[in-house]
Amino acid sequence: MLRLFFFLLVLFSGLPGQAQDFSMRKFTTQEGLVNNNITCLFQDSRGYLWIGTEAGISRFNGEELKNFSLRNGLPDQQINGITEDSRGDIWVIARNGLACFDGATWYKYSCKNFCEFIGECKMGFDAHGNLHISNNGQLFGLINEKLQLSPLFKNTLNDTLAAQYHYDKWEDKWLVIQDGKLLIFRDKVLLDTLQMDASFSKKGKIEFLNIYGHTYITHSYNDIKEYFAFQGNRLELLADIRHGSPRIISAFQHPYVISSGGQIFRYNDELNELVKLYQNPEPDIAGDFIISYGRAFFFAGNDGFYQFFGEAFKNYEGVPNTWMLALGQNDTIFAGGYFPSKLYKVKDNYTHEVALNSVYNEINQRLKKQLNHYSFYPGGSFMDNVGYFPFSDGVMEYKSGHIKPIFSEPAGPTVMTHADKVRKVIVCGVTNGIMVIKDGKVIETLGQENGIHSNKYIISIAQDKKNRYWLGSNSGLTCYDPDLKKVIYNFTNASHPTHIKGGVVSMTHDNQGRLWLGTASGLCILDEINDSLISVTRNEMPIYCSSLTHTDDGYLLIGNPEGLYQFDYNTYFEKGIIRYKIFNRASGFLGEDTVNSMVKDSSGNIWIGCIDNLVKFKPQIDPFLSLELKPVIQNVNGIKIGFNSISGPIVITDNKISIVYEAVGHYRPSTTEFAYKLEGHDKEWNNWTTFRYSLYENLPNGNYIFRVKAKSMMAGWSELPIASIPIRISAPFKNWPTFPYYVAAIFTLILFAIVFLISLYRRAASKQIRLEKEARFLRVQALQAQMNPHFVFNVLASVQNLVMKNDTKLAGQYLAEFGTMIRQFLNASVAGNSLDEYDTNQTIPLKEEISLINTFVHLEQFNYPDRFDYFLEIEDGFNLEEYSIPPMIVQPFVENAIKYGLLYSGSNNGRLQLKIMKISEYGFEINISDNGIGRAAIKEFQSKTVKTYKSLGGDLAHERIRILNQMGHKINLEIRDNPEGGTIVTLTFYELQ
């Protein structure tokens, strides 16, 4: 029977606790766990989490799992208990033996058939360093390196087989339950006897637990679990869970976590109640609670073990694709999505959908459109309890529970709204500028004709201390004074390329009123004295700042596709130090792609709109007590380093040393990096690297100290802990008796060395040539790997287009054609994957490439009917099967001709021609011509278009051709304008000689 647990959870004092949807990560065999049936958990003094299972032990360092089994020295694969002694060694009791692990070696002690049932034994060390294990009413000890019945109470108790034992290490006393009595011993001397309720000895299961200096007793029977604590010379009932319902009888001195029947409850000391945190689908939860760091903790289930993060984040998964957020009256949150375009109202942890059907009907009638949805855009605002929500064709006004559209002239998308509470107006970012709304009516529109810089959309708006408007777009930033009716400043990508390259996508003020700007190239702050921008972004900070807000306690929150950054701007201004934390799926924040929006309510909570859910963040609750990663040195030159400190230096009889290390810690928002130095050799720390080993060669004899520290993309919070180990290089060469003869022999061998060096140089040169060929081959493979998702993405986009048009029949036909093309595509992709030959096997028959192109063109004609005609012309006598070319070398140029040449023209008379002809005995050429808009027009069109992604197909194809030519291929590429309009691409291929 699996053990139920009762354990304290460390919390910050004075912070309220309430029911939360905890962030959680689950670890199973898929993540590397040795077995999903967990029998016990233990966290040692170094921070390692040890997971005992029915098939061995897994050790978790916060990032990865290391497994131990019979092959590593365990006495049995079924683990029953784990503990740690005063030296830091790990002790394990298994079904058929006892073992001790010192960090390098497992030492086994025989105790055959000692523990037959998982969860029925307790193990630990007393104040004198003696190991004791209680099992099935018996007490065992390690005597003369053998596990035997302990003589501790042999002459004190009448029947040791009917007793339950527990050692309280904080008070150095033994607690023994026998015949309905609780006996208290110290050094075999009976101190006290307590008469217990008869039910303790007649029914149910009793467990002892030591928690932070206090001993507690749990009593389980008939779907009831009771929790007792010592109060003087008696036991007091504190809480119980009867048939799944928790009840508080007497408050504990500390917050705590308990479990029963697969449920986890946390005690809320302010409300004096038990709040359910988790419900396991299995009947019981196995193992003990393990306190990890801060508010986060681990627990074992019947299907793996779980890492629970703190209460800082609450997830609302029923609010998908959140793009628009607005704070309404009484902290009501309005969340709008972009697909599906639904509006939700969140109040007091309850979510309600706002009906929009009548609004859509009104919009359709007004704009003469027939669409069943409209996208909400970021940046909703409230003015005098009236909400203004931007959407794809104007603004929606929410007033007294009713919603109606407000249209701009001409009608178009509203991307952002801002409430100017000084002038009592709503400022909206629209297609080519801003419009101003007052009392539900558009009173003014401003655009390029008013001096606002040329842009596509105003996507961010803020108001400075002078009540001027700062308007950000994807092409720059405008400062507009509505009182003077004129533009004060225009910052563009050209004038400030290092500050606002890619546009200003978000803005916010901090607690001191300073204006921060989030751009596609980093974080900036407005210098109010000089009206200039100061870049804050450094190598440590995120580049793309998709959304910004500030917290009440002096932090800036930055939304980024990698997660949520918490930037300490006070420390930045006071000390010039970049200090921040990162929250993502590895550290408790489960939001995906936080590029949407954030809003702060009156309680200081930050609401974050994400793709998959809506997240509420409580910045006043820090879920992490320790941000440090503890480095651990594992081996030097293959010599395993144990847990205990080394009395002297490790002696290496070689002039080369290699050191392997890792980091232990459970806050891992990003890849772990290490810095190291070898004192006696390095003057400074080596640069941060993700490699977990260091190598030094040609070291002179002497004493050194190797030091290493670790971090996980964190900066400025504290001094990082350092692990060190002394090393002595004692190469035997200098101590040899024949050392003088070797010196003479060196001079004799100089001539031979010259010959050897010449030979070595030639071999090195040959090796260098081979390595260069390998590098070119791997580069081609990498470029091909980049083209593959690009190619599939473009085709799938066409399928999506048909599905969104509800043309399921055409979509089905399209998918059938797509299946054929995918088979051809896969055949082309796997061609030439041999690492043995680099110049001749990277090709496929020309016939297969042309077949793939024909299928691709057919699909494009299917998706864009009647837009262009396709002609394939092959010179008479030209046999496609006699020639081979690198795979997917022609297709990108055909795709570009269609996507950018023919479809951009808007004409239905497009013409795409593919012509293949022989030009000499050793070569042939392929011409791709179209009558589209031409290269100059395409470039101009793209410069005026907002692109959500960068097309890479053509660039990758050019790069492949360049590297293939370096590898020995002979491919010539020529692109020129078509005299009849459009573009001609000529690819010339020459046979490899």
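This is a predicted model: local features need pLDDT of at least 70, side-chain atom pairs count only at pLDDT 80 or more; totals for chains, interfaces and linings use all residues.
Q: What span should the 15 residues of H9 have, and how far apart are its end C-alpha atoms?

A: At 1.5 Å a residue, helix H9 (residues 891-905) should span 21 Å, and its end C-alpha atoms are 21 Å apart, which agrees.

Q: How many residues of H9 are buried?

A: In general, residues three or four places apart on an α-helix point the same way, because there are 3.6 residues a turn. In H9, twelve of the 15 residues are buried, so the helix is largely enclosed by the rest of the structure. Among them are Phe893, Ala897, Ile898 and Leu902.

Q: Which residue pairs with Lys26 in a salt bridge?

A: As a general idea, side chains of opposite charge can pair when their charged atoms come close. Here Lys26 meets Asp303, at 2.9 Å from N to O. This pair links distant parts of the chain, 277 residues apart, with Lys26 in strand E2 and Asp303 in the loop between strands E28 and E29. A search of the whole structure finds 28 salt bridges.

Q: Is His418 buried or exposed?

A: His418, in strand E39, counts as buried because its relative accessibility is 15%, under the 20% cut-off. Its side chain joins that of Gln463 through a polar contact of 2.9 Å. Further residues touched by His418 include Ser381, Val425 and Ile461.

Terms used: Residues are numbered from 1 along each chain as its sequence is written. Side-chain values use heavy atoms; hydrogens and water are left out. Helices (H or I, at least four residues) and strands (E, at least two) are DSSP runs, numbered from the N terminus. The expected span of a helix is 1.5 Å times one less than its number of residues. Buried means under 20% relative accessible area, exposed over 50%, partly exposed in between (1.4 Å probe, protein chains only). A polar contact is a pair of N or O atoms within 3.5 Å; within protein, one must be able to donate a hydrogen and the other to accept it, and residues adjacent in sequence count only if both atoms are side-chain atoms. Contact means heavy atoms within 4.5 Å. A salt bridge is a side-chain nitrogen of Lys or Arg within 4 Å of a carboxyl oxygen of Asp or Glu.
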